[in-house]
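Could you walk me through this structure, stop by stop? I have it open in a viewer and would like to know what to select next and what is there.

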Amino acid sequence: MVQRISREEVAHVARLAQLALSEDELDAFTSQLAAVLDHAADLEALNVDDVEPSTHPFPLKNVLRGDEPGEGFEVEEVLEVAPKVEERQFRVPPILGES
Amino acid sequence: MEATEIAEKVSSGEVSARSVVEHHIETINKIESDVNAFNLVTAEQALIDADEIDSKIASGETLGPLAGVPISIKDNLCTRGVETTCSSKILEGWKPPYNATVIEKLKEAGAVVMGKTNLDEFAMGSSTENSAFGPTRNPHNLELVPGGSSGGSAAAVAAGFSPLALGSDTGGSIRQPAALCGVVGVKPTYGRVSRYGLVAFASSLDQVGPFANTVSDAALTLEVISGHDPRDSTSIPEKPLNISEVLNQGVDGMRIGVIEELSGKGLEGISPDVSSRVEEAIKVFSNAGAIVESASVPASIYGLSAYYVIAPAEASSNLARYDGIRFGPRTEAATTAETMTATRTKGFGDEVKRRIMLGTYALSAGYYDAYYGKSQRVRTLIMNDFAKAYEKFDILISPTAPTTAFPLGDKTADPMQMYLQDVCTIPSNLAGHPAMSVPFGFGEDGMPVGIQILAPAMAEREMFQAAKVLESESGKGIE
């Protein structure tokens, strides 16, 4: 039987999700993800073309609060839990690939 | 002592909040090293909070309905200034700058937080073995799992560390560990309890709810934490629940359906221990005057498949925020992109990685309609089938989990076997309905069995009435 997800597809999805996998992990995850997708295959037999999709249990729509300023967090409070800070800003490594 | 009794005695000055908290700290000191229910015990702060309650009482102040009651909090609920890890390395050491709304409500009611409980990383699992900080063990038998993902909270209540705990339930994460640990666990109607400050796993399914040793304690806790919150846009604009006034009204004349697809012969892999207890529960309800018949929710058998597409899809999006840039630990690399990848690769455990990848795949171009789109339509089918069943019945019942507690390591190698633990609980999350697990005796193996009571949206009161009847008979006829 053809696996429902290939090793290459798992590698691609891992890249999209910003996860680095070893060769062994790639093998293990491929067969585990295929098993879950196999189980999901029992949905294929269902004809649900006339059924509307549900994104949510309740039909709440356009929930807006009043346009009034409220209290937010202090900058210091937020930066206190940041991994790296410089001049009251998040410090990050180079973003364009040059150090 | 039950929570209701503690609150009464503390409020009247008969016992001090300090002595209550000290007693529970003693129990924790004695057996927590075996159980590992907590990621963090906040004993010192708990004593300070208790003293504050006692001095308020001494000065004649009236306190809330949970005055001096110890409560344990699942470690995916934000507690201001107190480490909140989701049992993940990616949040190790993170101290949120705010409290979840439920924490604010508990404090207002006089409850005392004892600590943060262990969970499957980001609430993904059914055994609390997927924790970066080691597994929690079932207080009834340390060789067995407590269930999950809120296994730490269930174990804390079962072990007597606190009479109450909070958990979160996305696919059964309150009800299944409650069943396996022999305590009461409630998943309220979606939107009944604020999710503000609950670390998001699958936002359209997540709901916060209580654990307790008794049905009335669970009801009281749910009353305290329920109600509209403007900080959660999915919060239902309703007043807090009042369950206590109907709790003892019984089930005389109530129409109760036994979901045939989720119990007895309809459920593959159900253990005889569990099905015989369901039969016993049917007798209890019939004897109490209820009309008990078989009910059908045909699409419920597709719940597991739909859930394991929808929940990972939402998780893959929700967990994109953990990149080591703004909060949490960072694994520094040459570039920002490499830093993000290194942080995520090191910070997430295998089950979380599996679900992120599964969700990313299900949402990717070419597969979206086949998996995610289809699952959302199946979700509608399940809602429709429940609606049809509730034309005939007031509440429905099933087992909470197909088996009693299983040995550590039993299902960790095969994720699909682990997922099957949630087959009975998932449909209520997909529908957004309330459901709870009530301990109802033990199996041949000596381990607790839970009966699940399901109700239509907003019908928590009827659900609790039935739970109370079951609880009052749970001790009878059991050796």
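## Helix H2 of chain B and its surroundings

Start by selecting the buried residues of H2(B): they pack against helix H1 (3–11), strand E1 (38–41), helix H3 (43–58), strand E2 (70–74), strand E3 (112–117) and helix H5 (151–158) of chain B. Helices (H or I, at least four residues) and strands (E, at least two) are DSSP runs, numbered from the N terminus. This is a predicted model, in which local features need pLDDT of at least 70 and side-chain atom pairs count only at pLDDT 80 or more, while totals for chains, interfaces and linings use all residues. Residues are numbered from 1 along each chain as its sequence is written, and chains are lettered from A and ligands numbered from 1 in the order in which they are written.

Now color the buried positions of H2(B): Ala17(B), Arg18(B), Val20(B), Val21(B), His24(B), Ile25(B), Ile28(B) and Val35(B). Buried means that 20 or more other C-beta atoms lie within 10 Å of the residue's own; exposed means 12 or fewer, partly exposed is in between, and C-beta atoms are placed from the backbone.

Look along the helix next. H2(B) bends by about 40 degrees at Asn29(B), the bend being the angle between axes fitted to the seven residues ending there and the seven starting there. Its end C-alpha atoms are 25 Å apart, which agrees with the 27 Å that its 19 residues (17–35) should span at 1.5 Å a residue; the expected span is 1.5 Å times one less than the number of residues.

Most residues other than glycine have a negative phi, and most peptide bonds are trans. Asn36(B) counts as buried because it has 21 C-beta neighbours inside 10 Å.

Then jump to the loop between E3 and H5 of chain B, where Ala123(B) sits. Ala123(B) also has a positive phi, of about 70 degrees, and counts as buried with 30 C-beta neighbours inside 10 Å. Ser149(B) has its place in the loop between E3 and H5 too, and the peptide bond from Gly148(B) to Ser149(B) is cis, with omega near 10 degrees.

## The core of chain B

Which residues touch the most other members of the largest nonpolar core? Select Ile71(B), Ile395(B) and Ile453(B), out of 166 residues. Such a core is a set of buried Ala, Val, Leu, Ile, Met, Phe, Trp, Tyr and Cys residues joined through C-beta atoms within 7 Å. Helix H9 (303–318) of chain B gives the most to this core, with 9 residues.

## Where the chains meet

Show both chains: 55 residues of chain B are in contact with 46 residues of chain A, contact meaning C-beta atoms, placed from the backbone, within 7 Å. On the chain B side, H12(B) gives the largest share, 11 residues.

Finally, zoom out. Chain A has 3 helices and 2 strands. Its radius of gyration is 23 Å, well over the 13 Å that the globule rule gives for 99 residues, so chain A is more spread out than a compact globule. The radius is taken over C-alpha atoms, and the rule is 2.2 Å times the number of residues to the power 0.38. Chain B has 15 helices and 11 strands, and buried residues make up 64% of its 479 residues.

Notes: Contact = placed C-beta atoms within 7 Å.
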